[in-house]
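Please look at the sequence and the 3D structure below before reading on. The report then walks through some of the side-chain packing.

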Amino acid sequence: MKRICRARPHAALLRRQGALQQPSLLQPTPSVASVLPIHRRHAGSISQRPDSTHVMFPGAVKSAFSHTMTFEQPQTYPALSTYRAVDQSGVVVDPAFKPDLSDDEVVKLYRDMLTVSIMDLIMFDAQRQGRLSFYMVSAGEEAVSVATASALAKEDVVFCQYREQGVFKQRGFTLSDFMNQLFANEKDPGKGRNMPVHYGSRELNIHTISSPLATQLPQASGAAYALKIQRMQDPSIPPRVVAAYFGEGAASEGDFHAALNIAATRACPVVFICRNNGYAISTPTLEQYRGDGIASRGLGYGIETIRVDGNDFWAVREAMKKARELALHDGGKPVLIEAMTYRVSHHSTSDDSFAYRAKVEVEDWKRRDNPIARLRKWMEAKGCWDESKEKEARESIRREVLKAFSEAEKMKKPPIRTMFEDVYEELTPDLKQQMGELKSQLERYPDEYDFSSFEGGRDSLDK
């Protein structure tokens, strides 16, 4: 059998010597390669000198020698601190903190948080009434999504999980956009192919949410690497970062570790935002891991990391502002933010969280430390908010949500034909066959299927 690689033995030799440094996931053109710096790491660039006091092996540089055998224990090290700018009473506790937003801008962001909270309640009830198949609320986590989004540029690229309604709202997603996707009607950009709450927006630079846990994280690292190379090719392009959201449960997936490692080794301008809300779908954090949260993992991968109070809007915003600066510094690098918050709601409408946690625990968190209430206290102390404005805001937002709800629910579903479209430019023979089989099934049992709510009805299969 002929060996295909015999014709290029020099390539393997050059690659071993570090002369070929092409990324495995991206094959640059010669023009790209000409602007990429070649980082050679020769075998002899790190050596262990005689009588050295430190390890100088390639895998552990500058590790001091110890003459006493000791196994490191986690409890030896204190837990990473949690940054807070405003306490539970709305009082500023960071003497260096100075708000960088006008009163009107703060009010707008506060209303975004209120909107998400009110919409969640209405849609949760709609699912229970059978008017919606599925929903996930973000109660208790509104500050994490809205505050981080407010510190991003519109050009930045975002990968969400499924509890980031606040990110969409802050960046310009309308109530109609939310409802059209939830009801999978004819105005849903995804044409009803995704589950509810799997939003996406090309115009807002937010990739569509997908159900599999943590798959968005390596995608985010790859996107950040692509942005980095893009700017190397054309420095006139404004610098951009990628923001990737996930929960602490997703950090138990292998994709989390792959994403952080590739981002660290390739110096990708990506900010990882972890919502550590205490629970995966039915697993408390104490059963998920034994280490110091998720922040300690960032340090393990050589990534600049901060842990913040996720119920403190200002702490989250300040951390995200600085994280974006760091991610763009000196060509790019990853940053990890762990936001400590609490999942007040059930995991989803398919979950009963009281099966694995006490109801009194949830009620205590709702009463004692709510991100919306905390920002409201700060605003009232500053004089830009009061009880009458709160009442007016809640009433007007509720009317707006119900109006969008009613309009979206009444719209027809996308044509049946769209189930087979948008994969190939033209329908393939097997797809045409499947479409014909569906049409035959509908004609054979006309009384079993009601397609009056679909645009074009059964006739859309004839086009």
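The sections below cover the model, its nonpolar cores and its aromatic rings.

## The model

This is a predicted model, in which local features need pLDDT of at least 70 and side-chain atom pairs count only at pLDDT 80 or more, while totals for chains, interfaces and linings use all residues. Residues are numbered from 1 along each chain as its sequence is written, and side-chain values use heavy atoms, with hydrogens and water left out.

## Nonpolar cores

A nonpolar core is a set of buried Ala, Val, Leu, Ile, Met, Phe, Trp, Tyr and Cys residues joined through side-chain atoms within 4.5 Å, where buried means under 20% relative accessible area (1.4 Å probe, protein chains only). The largest such core has 74 residues, and Met 123, Met 179 and Trp 314 have the most contacts inside it.

## Aromatic rings

Rings of Phe, Tyr and Trp (its six-membered ring) pair if their centres lie within 6.5 Å, and planes over 60 degrees apart count as edge-to-face; the count comes to 16 aromatic pairs. One of them is the edge-to-face pair of Phe 173 and Tyr 199, with 5.7 Å centre to centre and 65° between the planes. Phe 173 lies in the loop between helices H5 and H6 and Tyr 199 in the loop between H6 and strand E4, so the pair ties together parts that are 26 residues apart in sequence. Both Phe 173 and Tyr 199 are buried.

Ring pairs also link Phe 97, Phe 313, Trp 314 and Trp 378 into a cluster.

How values were computed. Buried means under 20% relative accessible area, exposed over 50%, partly exposed in between (1.4 Å probe, protein chains only). Rings of Phe, Tyr and Trp (its six-membered ring) pair if their centres lie within 6.5 Å; planes under 30 degrees apart count as stacked, over 60 as edge-to-face and the rest as tilted. Helices (H or I, at least four residues) and strands (E, at least two) are DSSP runs, numbered from the N terminus.
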